[in-house]
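Here are my notes on this model, point by point. Please read them with the structure open.

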Amino acid sequence: RQTLLKAYDHYCVITDCDVAEVLDAAHIVPYRGEATNHPSNGLLLRKDIHSLFDRYLLSINPDTYAIEISSDLSNTCYQ
């Protein structure tokens, strides 16, 4: 987490939130042991965004880096 806080200058990569207490280190590829526990496999996300990301309700397109939202979040504050 500390490494990602430094790498992302203490900002959530999606919301630009800079409150360290609500920022989580998230795995891009799910954690599968020490080999996947590397900063290059991490994003700094606000806790609620991290939860949506882990549930595949929010993603980042790897080609365009565009944020993609599941239709399950239509008509919510995340739309």
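1. Which residue forms a salt bridge with Asp-24? Lys-47 does, the closest N and O atoms being 2.9 Å apart. A salt bridge here is a side-chain nitrogen of Lys or Arg within 4 Å of a carboxyl oxygen of Asp or Glu. The pair links distant parts of the chain: Asp-24 sits in strand β1 and Lys-47 in helix α2, 23 residues apart. Side chains of opposite charge can pair when their charged atoms come close.

2. Ground rules. This is a predicted model, in which local features need pLDDT of at least 70 and side-chain atom pairs count only at pLDDT 80 or more, while totals for chains, interfaces and linings use all residues. Residues are numbered from 1 along each chain as its sequence is written, and side-chain values use heavy atoms, with hydrogens and water left out. Helices (H or I, at least four residues) and strands (E, at least two) are DSSP runs, numbered from the N terminus.

3. At 18% relative accessibility, Asp-24 counts as buried. Buried means under 20% relative accessible area, exposed over 50%, and partly exposed in between (1.4 Å probe, protein chains only). Leaving out residues up to four places away in sequence, Asp-24 touches Leu-43, Leu-44, Leu-45, Lys-47 and His-50. Contact means heavy atoms within 4.5 Å.

4. The other charged pair. The count comes to two salt bridges. Asp-48 forms one with Arg-46, with the closest N and O atoms 2.6 Å apart. Asp-48 is partly exposed at 26% relative accessibility. Arg-46 is also partly exposed, with a relative accessible area of 25%.

5. Helix α2. This helix covers residues 47-54, and its buried residues are Ile-49, His-50, Leu-52 and Phe-53. Seen down the axis of α2, they fall within an arc of 165°, so they line one face of the helix. The arc is that of the directions from the helix axis to the C-beta atoms. An α-helix has 3.6 residues a turn, so residues three or four places apart point the same way. The buried residues of α2 pack against β1, β2 and β3 (58-60). Just after α2, Tyr-56 takes a positive phi of about 60°. Please look at that residue in the model.

6. The core. The largest nonpolar core has 16 residues. Such a core is a set of buried Ala, Val, Leu, Ile, Met, Phe, Trp, Tyr and Cys residues joined through side-chain atoms within 4.5 Å. Those with the most contacts inside it are Cys-12, Ile-14, Leu-23, Leu-45, Ile-49, Leu-52 and Leu-58. The elements giving two or more residues to this core are α1 (2-7), β1, β2 and α2. Leu-23 has a list of contacts beyond four places in sequence, including Leu-5, Cys-12, Cys-17 and Leu-45. In soluble globular proteins, nonpolar side chains tend to be buried together.

7. Asn-41. This residue lies in the loop between β1 (23-27) and β2 (42-46). Asn-41 is buried, with a relative accessible area of 11%. Its side chain has polar contacts with the backbone at two points. A polar atom of the Asn-41 side chain lies 2.7 Å from the backbone nitrogen of Val-29. The side chain also reaches the backbone oxygen of Thr-36 at 2.8 Å. A polar contact is a pair of N or O atoms within 3.5 Å; within protein, one must be able to donate a hydrogen and the other to accept it, and residues adjacent in sequence count only if both atoms are side-chain atoms.

8. Arg-1. This residue is placed in the segment before α1. Arg-1 is partly exposed, with a relative accessible area of 42%. Its side chain reaches the backbone oxygen of Ala-20 at 2.4 Å. Leaving aside neighbours within four places in sequence, Arg-1 is in contact with Ala-20, Glu-21, Leu-23 and Ala-25.

9. Cysteines. The count comes to zero disulfides, a disulfide being a pair of cysteine sulfur atoms within 2.5 Å. For Cys-12, the nearest cysteine sulfur is that of Cys-17, 6.7 Å away. Cys-12 is buried at 1% relative accessibility. For Cys-77, the nearest cysteine sulfur is that of Cys-12, 14 Å away. Cys-77 counts as exposed, at 72% relative accessibility.
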